[in-house]
Amino acid sequence: MEVVSCSHSCSALHQTPASAWRLRGGTALGLGLGHAKPSRPRRYTVMCVGTTRGSASSPGGSGKVHAAQGFHVSDVDAALQGIPSMKVGEVKKVMIQGLPEGPDGSPISTGFWEWKPKLTVYYERSGVENSKAPAVLFLPGFGVGTFHFEKQLRDLGRDHRVWTMDFLGQGMSLPGEDPAPSSISSEEVFWGFGQDSQPWAEELVYSVDLWQNQVQRFIEEVIREPVYIVGNSLGGFVALYFASSNPHLVKGVTLLNATPFWGFFPNPATSPRLSKIFPWAGTFPLPSFVRKLTEAVWQKISDPKSIQDILKQVYADHSTNVDKVFSRIVEITQHPAAAASFASIMFAPRGQISFQEAISRCQSQGVPLSLMYGREDPWIRPFWGIKVKQQVPEAPYYEISPAGHCPHDEVPEVVNYLLRGWLKNLESEGSIDLPFLEEPSYAEHGVSRELDFVREGSRKSVSVRLYGTKISLWSQLSSFLNTRVPNSRVVLR
C-alpha cells in the first residue's frame with residue numbers, strides 16, 4: 001500500500017508533565033495496595049444540590065442553587081472516598097504545564113493511506129523523530145476526526161510518536177467517488193442515493209467491525225508495531241473492541257468518556273435469524289424509504305445551528321474556543337457522501353462482542369486499561385465510568401471536573417498530564433507511580449487533586465478525582481444521583 005505524506009502548519013496548542021502508578025509483582029496494573037489506618041466513623045449530612053439552569057461553572061446557567069432533601073452517611077471512607085491524610089474539605093493543589101505555543105509544539109504531518117481500492121484513510125502524525133519513544137494512536141468520536149486531537153499531537157508529539165486517523169465514512173476518510181451513483185443529473189443529489197452500487201462498495205457498511213479492522217491494518221501497515229490506544233466516545237468503543245481481539249498489537253488502552261454501546265440492530269454473525277427481520281443493514285445503495293428518512297433527518301442535524309447546540313451540550317465550560325471544531329464539522333457535512341455515510345452508520349449492525357465482553361477479554365488477556373472521564377458529560381454520565389471501574393478495579397479511573405464529553409479538547413492540559421503519567425508508569429514497568437499515588441493508601445481509597453495551569457495568560461483550575469480499588473456505597477450513590485438528577489451534584493456538609 002502506498003503512503004503519501006505532506007506537512008502543514010498547525011496553530012499552537014499544549015503541554016503537560018508526568019507522574020505515575022506503581023506496578024507490583026509483575027502483573028498488569030497490579031496495585032501493591034497499602035492499608036489506611038482505621039478511622040473513627042463520623043457522621044455527615046449529604047445534600048443533593050442542583051441548579052435551575054446550568055451551574056456556576058456553566059456560563060449559560062443562572063447559577064441559582066437549591067438544596068434537595070438531605071440524608072446521612074456513616075463511614076468516613078465511604079463519605080470521603082479516600083483522603084485519609086487530609087482534613088475534610090482540604091484538597092492538594094498541583095501546578096501543571098500549559099500548552100506549548102508556536103514553535104514549541106511538535107509539528108504535525110498528514111497522509112493518506114489506501115487500505116483497499118477506493119477506501120482511503122486520512123491520518124495525521126507527530127513526533128516521528130522520536131524513534132525510541134512509545135507509539136500512541138488516538139481514535140476520534142462520531143462526527144469528528146483527526147482535528148479533535150491536534151492538542152495531543154502538538155504536545156505529546158514532543159516526547160512520543162503519535163498518530164490519529166479518520167474512520168472510514170467520517171472526516172476526510174469519506175469516499176472520493178459515489179458508491180451508488182444516481183441517474184439524475186443534479187449537483188444537489190447526494191452520493192449513495194442511486195439504484196446500484198459500485199463494485200468496490202457492494203459489501204461496504206460503516207460499522208464498528210469495519211473500523212476495528214481498519215485500526216488493525218493501519219497499525220500493521222503504517223505504524224508497524226504495538227501501540228497504546230486512546231479513544232474518545234465512539235473511538236473508545238472501537239479501541240476496546242480492537243484491543244480485545246488483537247491484544248498482541250496493543251500495549252494499553254485509555255478510554256475518554258467511551259460510549260458503552262454502539263449500534264441498534266442485530267449482528268448477522270451472532271444473531272443470524274434475528275438480523276433477517278430487518279430489511280436493510282447499512283449497505284449501498286440506500287433503500288427508498290431510507291433515502292427519504294435520511295434527507296429529512298440530515299437537513300436538521302447538518303444545520304450549523306444544530307451543530308452549535310450540540311457543542312454547547314458536550315462542552316461543560318462554554319468559554320472553551322470550539323471555532324475550529326465547529327468549522328471542521330460543518331465542512332464534513334457538506335461532502336456529497338456525508339448523508340449516505342451517516343445513514344449507513346446509523347443502520348449498521350452492532351459489533352460481534354459487547355462493550356462489557358470486550359472489557360472482560362482485555363482484563364483476562366492482560367491489556368492495561370485506564371479511564372479518564374469528564375464529569376459533566378450529558379451523554380456518558382459518571383455512572384458509566386464507575387461501572388467500568390467496578391468491572392476492572394485495578395484500572396485507574398480519573399474523573400475530571402469541569403469537563404464534558406470531550407475532556408481531551410476541553411481540558412487538554414489535564415488529560416495530557418494524566419496520559420503522560422500513565423504511559424511512564426507502564427513503560428517503566430511500575431517503577432514510576434501513576435499521578436496522585438504518592439501514598440499507598442490512595443490506590444485503595446482514592447484521592448482528589450486540584451490541577452492548576454495557565455491558558456492564554458489566565459490561570460485555570462480543574463478538579464480531578466482518582467477512584468481507588470474500593471468503590472464504596474457512597475461512590476455508587478453519588479454517581480447514581482448525578483446521573484439521574486439533571487444539573488445536580490452531591491456534596492458533603
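This is a predicted model: local features need pLDDT of at least 70, side-chain atom pairs count only at pLDDT 80 or more; totals for chains, interfaces and linings use all residues.
## Nonpolar cores

The largest nonpolar core comprises 67 residues. Within this core, the members that touch the most others are Leu137, Leu139, Trp211, Val215, Phe218, Ile219 and Ile229. Beyond its neighbours within four places in sequence, Trp211 makes contact with Phe167, Leu168, Gln170, Tyr206, Leu234, Val238, Trp262 and Ile345.

In soluble globular proteins, nonpolar side chains tend to be buried together.

## Gln212 in helix α3

Gln212 belongs to helix α3, which spans residues 208-223. Gln212 counts as buried because its relative accessibility is 13%, below the 20% cut-off. Its contacts, apart from neighbours within four places in sequence, are Val238, Tyr241, Phe242, Ser245 and Asn246.

## The buried side of helix α8

Helix α8 covers residues 323-333, and its buried residues are Val325, Ile329, Val330, Ile332 and Thr333. These residues lie on the same side of α8, because they span an arc of only 160° around the axis. The elements against which they pack are α6 (288-301), α7 (304-314), α9 (338-347) and α12 (407-410).

## The second largest pocket

The second largest pocket holds about 1,000 Å³ of space. Its lining consists of 36 residues, and those nearest the centre are Phe142, Gly143, Trp262, Ile310 and Trp379.

The largest share, five residues, is supplied by α9. By residue class, the lining contains 23 nonpolar and 13 polar residues, and no charged ones.

## Leu451 in strand β13

Leu451 lies in strand β13, which runs over residues 447-455. With a relative accessibility of 0%, Leu451 counts as buried. Not counting residues up to four places away in sequence, Leu451 touches Val94, Ile96, Val414, Tyr417, Phe436, Lys460, Ser461, Val462 and Val464.

One of these contacts, Val464, is 13 residues from Leu451 along the chain, and the C-alpha atoms of the two are separated by 7.1 Å.

Key. Residues are numbered from 1 along each chain as its sequence is written. Side-chain values use heavy atoms; hydrogens and water are left out. Buried means under 20% relative accessible area, exposed over 50%, partly exposed in between (1.4 Å probe, protein chains only). Helices (H or I, at least four residues) and strands (E, at least two) are DSSP runs, numbered from the N terminus. The arc is that of the directions from the helix axis to the C-beta atoms. Contact means heavy atoms within 4.5 Å. A nonpolar core is a set of buried Ala, Val, Leu, Ile, Met, Phe, Trp, Tyr and Cys residues joined through side-chain atoms within 4.5 Å. On a 1 Å grid over the protein atoms alone, a cavity is a set of points where a 1.4 Å probe fits but cannot get out, and a pocket is an open set with protein on both sides within 12 Å along at least five of seven lines; lining residues have an atom within 4 Å of a point. Grid points are joined across faces, edges and corners, and a volume is the space filled by probe spheres set on the points. Ala, Val, Leu, Ile, Met, Phe, Trp, Tyr, Cys and Pro count as nonpolar, Asp, Glu, Lys and Arg as charged, and the others, Gly among them, as polar.
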